[in-house]
Amino acid sequence: MGGRFPSGSEANFNWPGQRNAESSHYTYAHWPTSVPVMNSGSEIGERINTGARMCLLLPATHPVRRAYEIYAGGNNRMSWDQTAALYAVRGLSDYWTSQPGGRTTVNPDGSNSWAALPDANQTYLQESKPPADMAKIIEALMIGKLPALPPVTIPAKIEAEQYSEMNGVQLQGCSEGTLNVCNIDDPNDWMDYSLVVPESGRYTVDVRVASENTDFSLDLLSSTGVKLTTVAVGTTGGWQSWVTKTSEPFALPKGTRTLRVVSTGGKWNLNWLEIKRVGPPAAHSPAAPDPPADAP
Ligand SMILES: [Ca+2]
Ligand SMILES: [Ca+2]
């Protein structure tokens, strides 16, 4: 793992004061042509963030949690080493593709460049899966299945990072403290929150959101995938410039429910959501029994 591909400059090759540039330059200049090389550039691991979720969910004495707390302050860290180890063990799998043959040159200043040469046997990894998917795979390999969070009894304020399941998102440190969900940038990105609804009623959700340059909206879906409401948000002025938006009231029947927050487009971050009861079920609702609660 080192360098940037196809060309660039990165610390493992150029770190000043430790002769990295000199040794990397020598190594690549003298590498035997009969020995193939798979380069894993820093761009491979830097978009795959792991660790923060483990610090939320693992027991306080878990050694992986403690390692992330001590080294990364409980925040996510880029996954350069894990991706290199994953390739070493599993090969390309469906995680990556590889650039056809060529040769790496490390310059005396530690910067590196790439020349495509059909008869050369060096190559480099290229991203094939979304970074959030890779983070899930790597975290599962590091610690096995994470313990589940218990459902939250509402009304309640829920940190966005305390989802019960997700697709396509990652976590980062938040300017308001705690963490926030990020990489919400695809219409299929979502987070699920497991709730206990003690009494049927009309509820609203405040969402604490930020986005630098896009108007966006999010949908709230019920356990059965029915859209409860849409919250439209304009630009907030920055990825860490937070505003609170309140949904229209919607009905929630009592029971254990899953609330899904799903992106309908744009790119945005979520810090927390607060679910409030605003009244009893609408009087004009037809009398009908509540649907069964989610299976445990
Ligand atoms: Ca995403
Ligand atoms: Ca948060």
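Of the 296 residues in the protein chain, buried residues make up 32%. The model is a predicted one. Its secondary structure comes to seven helices and 20 strands, and the C-alpha trace spans about 80 × 40 × 35 Å along its principal axes. Taking contacts in the protein chain between residues at least 6 apart in sequence, 72% join residues at least 24 apart.

The chain is divided into domain 1, residues 11-143, and domain 2, residues 152-279. Their centres, taken over C-alpha atoms, are separated by 33 Å. Ten residues from domain 1 and ten residues from domain 2 take part in the contact. On the domain 1 side, the elements giving two or more residues are helix H4 (52-57) and helix H7 (131-143). The residues of that side divide into six nonpolar, three polar and one charged.

The largest nonpolar core has 43 residues. Within this core, the residues with the most contacts are Val169, Val181, Met191, Val207, Val261, Leu270 and Leu273. Two or more residues come from each of H4, H7, strand S12 (179-184), strand S13 (190-197), strand S14 (201-211), strand S15 (216-221), strand S19 (255-263) and strand S20 (268-279). Because domain 1 and domain 2 both give residues to this core, it lies between them. Apart from this core lies another, of six residues, including Phe5, Trp96, Trp114 and Leu125.

Val261 can be followed individually. Leaving aside its neighbours within four places in sequence, Val261 is in contact with Trp190, Met191, Leu218, Leu220, Leu270 and Leu273. Met191, Leu270 and Leu273 are, like Val261, among the residues with the most contacts inside the largest core.

The length of H7 can be checked against its residue count: at 1.5 Å a residue, its 13 residues should span 18 Å, and its end C-alpha atoms are 18 Å apart, so the two values agree. Just after H7, Gly144 takes a positive phi of about 80 degrees.

Note on methods: Residues are numbered from 1 along each chain as its sequence is written. Chains are lettered from A and ligands numbered from 1 in the order in which they are written. This is a predicted model: local features need pLDDT of at least 70, side-chain atom pairs count only at pLDDT 80 or more; totals for chains, interfaces and linings use all residues. Domain bounds come from an automatic or database domain assignment. Two residues are in contact if their C-beta atoms, placed from the backbone, lie within 7 Å. Helices (H or I, at least four residues) and strands (E, at least two) are DSSP runs, numbered from the N terminus. Ala, Val, Leu, Ile, Met, Phe, Trp, Tyr, Cys and Pro count as nonpolar, Asp, Glu, Lys and Arg as charged, and the others, Gly among them, as polar. A nonpolar core is a set of buried Ala, Val, Leu, Ile, Met, Phe, Trp, Tyr and Cys residues joined through C-beta atoms within 7 Å. A residue is buried if 20 or more other C-beta atoms lie within 10 Å of its own, exposed if 12 or fewer, and partly exposed in between; C-beta atoms are placed from the backbone. The expected span of a helix is 1.5 Å times one less than its number of residues.
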